[in-house]
Amino acid sequence: MKKLILFFVIQLFNFNYAQIKDSAKVKEKNIDEVIIVASSRTQQKIENSPQKIEILGKEEMQEESGIKPAGIASILGDISGVQIQQTSAISGNSNVRIQGLDGRYTQILKDGMPLFDGFSGGLGVLNIPPLDLQQVEIIKGSASTLYGGGAIGGLVNIISRKPTTKQELTALANYSTLSEKNLNLYASKKYNFLGYTFFAGYTSQNAKDINKDGFSDVPEINSVVVHPKLFLYPSSNSTISLGWSGTFDKNLGGDMQVINGNSNVNHQYFEQNKTKRNSYELIFEQKFNDNSKLSLKNSISNFDRNFLSNNNLLKAKQTNYFSELSYIKNIQKSTLVIGTDVQGSKFSPKDYQFFQVPQFENNSFGIFIQNSIKFNNTNIEAGIRQDFTNNYGNFFLPQIAVIHHFNERWAARAGIGLGYKVPNALSPSVYDYPIENILPIDIQNTIAEKSVGYNAEFNYKKKFGDDNEIFINQAFFLTQINHPITGNINSEGNIYFKNENKPVISKGFDTYIKATLDEWELYLGYTFTIAENKFLEKNQFIPLTPKHRFAMTALKEFNTWKAGIEASYTGKQHRLDYTFTPSYLFMAAMISKDVGKHFTLVLNCENLLDYRQSKKESLYFGSISNPTFYPLWSPIDGRVINLSVKWKL
């Protein structure tokens with residue numbers, strides 16, 4: 001099949017092999033330094049923002065839509081300091097880890113609103129098609145002043161596209177050697193008093209047993225995403241947007257004989273997840289003549305999950321809700337942000353066979369204020385937040401960040417902030433616990449985790465020659481989490497949660513270089529991380545966290561062609577038993593061709609070296625009818641080739 005796809009592309013494009021060989025590249029993971037930042041609320045350019053924010057812009061989203069049409073996990077994982085951790089070999093579930101910390105310390109927002117947390121923060125969170133996105137913003141380190149608890153390790157703000165006066169219409173079809181099929185459609189238009197965006201996507205994936213051990217390494221998936229949004233413009237200074245997003249997934253993994261309908265007394269193991277995520281949002285923005293703005297945001301998201309296995313079932317629902325009122329005032333060289341919000345989640349089990357977590361609700365009311373002041377070449381951003389929670393008390397969260405431009409080439413940033421995370425037994429973890437073994441949080445004897453985060457960095461930027469430039473970033477980070485909550489196994493095999501008396505500490509540095517040299521676009525990054533559980537007497541390293549990680553990409557355009565290559569090196573990681581995993585190299589390559597004015601074809605190959613964890617060790621232990629799967633530390637789906645065709649009006 002791979003040869004047929006390659007042959008088809010060669011014949012269609014009639015390209016020159018030597019030209020491609022001289023310039024390979026995959027996905028351009030370029031962090032745009034001039035895009036306006038939404039997450040800071042101050043509408044600053046990223047190069048002037050005191051807070052450490054990295055942005056994957058519209059160009060990267062459009063390019064990624066032809067490479068990985070179904071989600072954003074791949075493009076996020078290419079950013080230095082960000083690790084996409086697959087937590088289940090059966091469901092394919094993954095979470096986002098920043099600077100070595102667990103995925104539960106990363107807050108994920110959609111258009112600035114927290115829709116994903118706890119029970120709803122696991123399956124399908126990263127399955128947001130990039131064709132529907134304007135940009136993705138990543139804050140490394142504490143971001144609790146504006147967004148509340150949860151953003152201890154960092155924050156990912158996924159921002160939807162908005163309509164323009166130009167009619168947009170894009171259709172995309174994709175097929176891969178894993179039998180993944182994607183169909184996506186996006187349309188938008190802005191008129192005088194109204195506008196709209198509309199996205200619809202369908203993904204179908206056949207279950208695949210790559211290593212031939214009898215279990216699926218890629219689950220069977222059927223997914224539908226629909227996202228219409230209506231924009232109203234009562235005046236030139238007013239905007240009202242109403243949106244609904246529906247995601248409907250069916251995921252089946254386990255014993256291949258069971259998946260294929262041939263179960264028997266020995267072949268019984270499977271896990272099936274049917275999920276529905278319905279999110280509704282209302283946003284109102286009013287600009288005033290004095291250059292101030294009033295914003296009202298409201299969202300509610302219902303997440304329904306029906307889990308079925310050969311020995312258990314669970315039907316449960318979680319509702320996430322969020323309302324925020326904020327006012328932004330520009331006063332000479334300062335920008336003041338004042339606001340209040342109410343946010344929370346309610347988990348309700350409806351039907352189950354073996355499940356021990358009852359209905360519970362976590363919510364908070366917060367008041368925040370932030371002021372950004374510019375003094376010549378220095379920008380200072382200071383803020384405070386006071387949160388009142390229903391179960392775990394009150395939290396005062398100050399934060400300060402500063403950026404200073406020494407000259408047009410050199411700049412420095414630094415910041416410090418406090419954060420917190422309320423306990424939740426259903427929050428994502430490095431390893432997916434069996435749901436029947438999870439015990440509820442003991443509210444009377446468990447307190448919230450509190451954190452303090454520090455960051456500092458130096459930037460160097462220089463332009464030279466004709467359109468050549470280089471940007472170097474050297475960043476340092478340290479996060480300390482006090483009273484960390486850990487999962488422990490009791491004598492009955494159940495998972496209970498408790499506070500530890502010593503902290504979790506993650507520290508290290510990021511180094512990355514971006515350059516445009518003779519029409520080549522280059523990126524090179526390195527992350528050094530030491531993440532430790534200080535409450536352990538020995539073997540304190542947090543499992544599945546590489547100390548060393550390198551990444552590079554290179555891209556060049558040839559008229560209507562793009563070609564490139566990507567590579568990343570992941571160093572040794574501690575397993576849960578504190579033995580070491582091997583280090584490994586991951587490579588990918590891509591070529592794309594614009595055909596006429598409307599068509600773009602992309603041929604992409606992930607995992608060129610076909611590195612798989614199953615080549616080094618078994619993925620499970622136990623019997624075929626009752627397996628236990630090891631935590632994952634590398635890819636398990638092997639080499640994948642995909643071909644996409646995009647049509648644009």
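Asp467 sits in the loop between strand E21 (449-464) and strand E22 (468-482); strands here are DSSP E runs of at least two residues, helices are H or I runs of at least four, and both are numbered from the N terminus. This is a predicted model, where local features need pLDDT of at least 70, side-chain atom pairs count only at pLDDT 80 or more, and totals for chains, interfaces and linings use all residues. Residues are numbered from 1 along each chain as its sequence is written, and side-chain values use heavy atoms, with hydrogens and water left out.

Asp467 is not a glycine, yet its phi is positive, about 65 degrees. Most residues other than glycine have a negative phi. Asp467 is exposed, at 70% relative accessible area; exposed means over 50%, buried under 20%, and partly exposed in between, with a 1.4 Å probe and protein chains only.

Now a second case. Gln99, in the loop between strand E3 (94-98) and E4, also has a positive phi, near 55 degrees. Is Gln99 buried or exposed? Gln99 is buried, with a relative accessible area of 5%.

E4 leads us to the sheet. Five strands form an open, mixed sheet in the order E1-E6-E7-E4-E5, where pairing takes at least two DSSP bridges between two strands. From one strand to the next, the twist averages 30 degrees. E4 (residues 106-110) and E5 run antiparallel, joined by 2 bridges; Ile108 has Phe116 in E5 as its bridge partner.

Last, helix H3 (residues 58-67) lies across E1 and strand E6 (133-140), at about 110 degrees to E6. Contact means heavy atoms within 4.5 Å; axes are lines fitted to C-alpha atoms, for helices over the stretch in contact, and angles run from 0 to 180 degrees between N-to-C directions.
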